[in-house]
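Trainee: Could you take me through one part of this model closely, the nonpolar core and the helices around it? I'd like the cut-offs along the way.

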Amino acid sequence: MSAGSGGLAILAVDDEPRALADIKHLLETSTSVDRVATATSAKEALVYLSGGRYDALFLDVHMPEIEGMALARLLRRFADPPAVVFVTGHPDAAVEAFEIQALDFLVKPVSRERLESALGRVEAQSRPAAAAPAPTDGATAPGAPGAPDVVAVDNPKGGGKRLVRLETISIAQANGDYARIVCDDGRFLLRTPLSQLEKDWAQSGFARVHRAYLVNLTHAVELRAQLNGTAVLIMRDGTEIPVARRNVAALRRRLHA
């Protein structure tokens with residue numbers, strides 16, 4: 001965060017003047033942003049970054065000389081790098097963007113809603129951890145950012161990754177340090193522990209109902225109580241997910257809210 005008003009300091013980088021003007025206008029008219037600097041190349045961006053601190057880089061993917069992906073990789077060598085939000089007209093670059101740990105990926109033309117979602121993620125990352133209120137009883141912290149729209153999963157039919165939209169995922173099941181997800185397109189391995197997915201996907205309607213299961217509540221159709229105080233959550237496709245006794249009351253409140 002910048003020292004003045006507490007708003008975000010953003011550096012926007014794009015070699016297309018019209019696109020750069022558009023993202024600059026969106027950023028400057030956001031209440032989350034304190035100041036916006038612009039650069040038309042990666043080299044110019046590095047000059048700005050060497051002269052001051054920025055909370056995030058809103059970065060085009062395809063640029064002459066040094067491309068956006070190369071710049072993002074270079075920033076990972078910084079002691080305190082800014083968050084990277086890609087802004088591009090090439091949605092096929094999303095997998096590579098998330099592999100290099102970009103905070104978000106926006107496809108042009110960028111809507112106000114998507115921009116504010118990305119800025120929310122930047123704010124959360126910039127805010128000291130101690131200042132963030134802890135969620136309780138399954139609730140999410142006010143103002144917490146939404147999860148990315150897509151996740152990159154291992155492609156079981158060959159090498160590389162494929163993109164899965166978060167809204168199509170119904171279940172994530174713990175698998176050691178990884179998670180197996182069930183979605184409309186099948187079952188895939190995600191190289192992220194369930195505990196991290198619980199945090200990342202909380203704002204997208206997911207709830208931890210059991211130590212081994214994270215579920216998308218928009219895919220749930222019934223909560224069926226069991227005699228021993230536990231419950232079973234019935235999903236759209238008929239799958240039954242066990243609900244731990246300690247989670248039953250909070251889950252019932254969420255489903256009937």
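Mentor: Here is a walk through the core, then a helix pair, then one more helix.

Quick housekeeping: this is a predicted model, so local features need pLDDT of at least 70 and side-chain atom pairs count only at pLDDT 80 or more, while totals for chains, interfaces and linings use all residues. Residues are numbered from 1 along each chain as its sequence is written, and side-chain values use heavy atoms, with hydrogens and water left out.

The largest nonpolar core has 27 residues, and L11, V13, L57, L59 and F86 touch the most other members. By "nonpolar core" I mean a set of buried Ala, Val, Leu, Ile, Met, Phe, Trp, Tyr and Cys residues joined through side-chain atoms within 4.5 Å; "buried" is under 20% relative accessible area, "exposed" over 50%, and "partly exposed" in between, with a 1.4 Å probe and protein chains only. Two or more residues each come from strand 1 (8-13), strand 2 (33-39), helix 2 (42-51), strand 3 (56-59), helix 3 (68-75), strand 4 (83-88) and helix 4 (94-99). Those elements are DSSP runs numbered from the N terminus: helices are H or I with at least four residues, strands E with at least two. Helix 3 gives the largest share, 4 residues.

Zoom in on V13. Leaving out residues up to four places away in sequence, V13 touches L20, A39, S41, A42, A45, L57, F58, L59, D60 and M63, where contact means heavy atoms within 4.5 Å. There's also a second, separate core of 21 residues, including A12, I23, A56 and A118.

Now the helix pair. The axes of helix 2 and helix 3 come within 10 Å and cross at roughly 25°; axes are lines fitted to C-alpha atoms, for helices over the stretch in contact, and angles run from 0 to 180 degrees between N-to-C directions. That makes helix 2 roughly parallel to helix 3, a label for angles under 35 degrees. On the helix 2 side, A42, A45, L46 and L49 make the contact, meeting L71, L74 and L75 of helix 3.

Last stop, helix 5 (residues 112-126). Its 15 residues should span 21 Å at 1.5 Å a residue, and the end C-alpha atoms are 21 Å apart, so the two agree; the expected span is 1.5 Å times one less than the number of residues. R114, L115, A118, L119, G120, R121 and V122 are the buried residues of helix 5. They pack against strand 1, helix 1 (17-28), strand 2, strand 3, strand 4 and strand 5 (104-107).

Technical notes
Parallel < 35°, antiparallel > 145°, perpendicular 65-115°, else oblique.
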